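Biologist: I'd like to get to know this protein with you, one question at a time. Can we look at it together first?

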Amino acid sequence: MIELRTPDEIDRMRPAGAFVASVLEATRAAAAPGVDLLDLDALAHDMIRERGAESSYLDYHPSFGASPFGKVICTSVNDAALHGLPHRYRLREGDLLSLDFACAVDGWVADSAVSFVVGAEPTPDDRRLIETCERALEAGIAAAQPGGKLGDVSAAIGDVARGAGFSVNLQFGGHGVGTTMHGDPHVPNDGRAGRGWPLRPGLVIAIEPWLMLGTDEIVTDADGWTLRSADGSRAAHAEHTVAVTADGPLVLTARG
Ligand code: MG
């Protein structure tokens, strides 16, 4: 069921969005060569406690997960695309790191992700991968206009991705966000403009393109969570929580 939020409810989602943005900024700033993924998780966990927020990941146990996630942030390194389970691993110069973070503040959830290269200039391939993800996210956000259709968002993402030579995996995509992390509607990362659910003011969705340099196929890591490219090629992910308003799209997780 798709739930529409009142303007007042969307206002009450703003603190969650701002907090999620601040955690991603802090963890990104901390992600230097030699820093352990578990340290980044601990930093995010400390910030959650200090803010009195509630992790959306810690006890998360969907049908596709082997056990509860048990950490508060996803850290996907190099060929890991999504759901990277933090583990003992010291970041190295040139690692491509995707951070995905969601939590609730005052009962409202926000969800956002960012990808970057640790401690070095990105290679041309990494730059193309990351920038295409970001451009696809921006195009998806720009298409989240009242009066439009959900397919407009999907098509905008897919057009950017395919236009840059990437194929799109449709197994995981964006989703409704509200009092829980994952709600209706599903927001595929490709589709047909003019189709699908009407974009009405009050719809709040996470828009999250993710791309891999080689294949569009993924495999699940032995940890039961981390999804890696099937060919070992590197992956990137970009995500914002976006409210459709009468005035257009409002990015709740905008970073400074
Ligand atoms: Mg997310």
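Biologist: When α1 passes α2, is the crossing left-handed or right-handed?
Modeller: Helices here are DSSP runs of H or I with at least four residues, strands are E runs of at least two, and both are numbered from the N terminus. A crossing is left-handed if the near helix is turned anticlockwise from the far one by less than a right angle, and right-handed if clockwise. For α1 passing α2, the crossing is right-handed.

Biologist: What kind of model is this?
Modeller: Residues are numbered from 1 along each chain as its sequence is written, and side-chain values use heavy atoms, with hydrogens and water left out. Local features need pLDDT of at least 70, side-chain atom pairs count only at pLDDT 80 or more, and totals for chains, interfaces and linings use all residues: this is a predicted model.

Biologist: Back to our helices: what is the direction of α1 relative to α2?
Modeller: Two packed helices are described by the angle between their axes and the distance between the axes. Axes are lines fitted to C-alpha atoms, for helices over the stretch in contact, and angles run from 0 to 180 degrees between N-to-C directions. Helix α1 (residues 7–30) and α2 have axes 10 Å apart, at an angle of about 150°. Under 35 degrees counts as roughly parallel, 65 to 115 as roughly perpendicular, over 145 as roughly antiparallel and the rest as oblique, so α1 and α2 are roughly antiparallel.

Biologist: In the contact of α1 with α2, how many residues are nonpolar?
Modeller: Contact means heavy atoms within 4.5 Å, and residues including F19 and V23 in α1 meet others, L40 and A44 among them, in α2. Ala, Val, Leu, Ile, Met, Phe, Trp, Tyr, Cys and Pro count as nonpolar, Asp, Glu, Lys and Arg as charged, and the others, Gly among them, as polar. Besides two polar residues and one charged, the nonpolar ones number ten.

Biologist: Is A44 buried or exposed?
Modeller: A44 is found in helix α2 (residues 37–51), where V23, T27, V72, I73 and F101 touch A44, not counting residues up to four places away in sequence. Buried means under 20% relative accessible area, exposed over 50%, and partly exposed in between, using a 1.4 Å probe and protein chains only. With a relative accessible area of 0%, A44 is therefore buried.

Biologist: What about α3 and α4: how many residues of their contact are charged?
Modeller: The axes of helix α3 (residues 124–142) and helix α4 (residues 150–163) come within 8 Å and cross at roughly 155°, so these helices are roughly antiparallel to each other. T132, R135, A136, A139 and G140 in α3 meet V153, A156, I157, V160 and A161 in α4. Next to seven nonpolar and two polar residues, the charged count is one.

Biologist: Which residue is joined to D184 by a cis peptide bond?
Modeller: Omega is about 0° for this bond.

Biologist: N78 has a positive phi; is N78 buried or exposed?
Modeller: Phi of N78 is near 55°, a positive value in a residue other than glycine. N78 is in the loop between β2 (73–77) and β3 (80–82). Its relative accessibility is 17%, so N78 counts as buried.

Biologist: And D106, buried or exposed?
Modeller: D106 also has a phi near 55°, and D106 is found in the loop between β4 and β5 (108–117). Its relative accessibility is 64%, so D106 counts as exposed.

Biologist: Last one: how many Å apart in space are A254 and G17?
Modeller: A254 lies in the segment after β14 (248–251) and is in contact with A21 and H240, leaving aside neighbours within four places in sequence. A254 and G17 are 237 residues apart in sequence, yet C-alpha to C-alpha their spacing is 7.4 Å.
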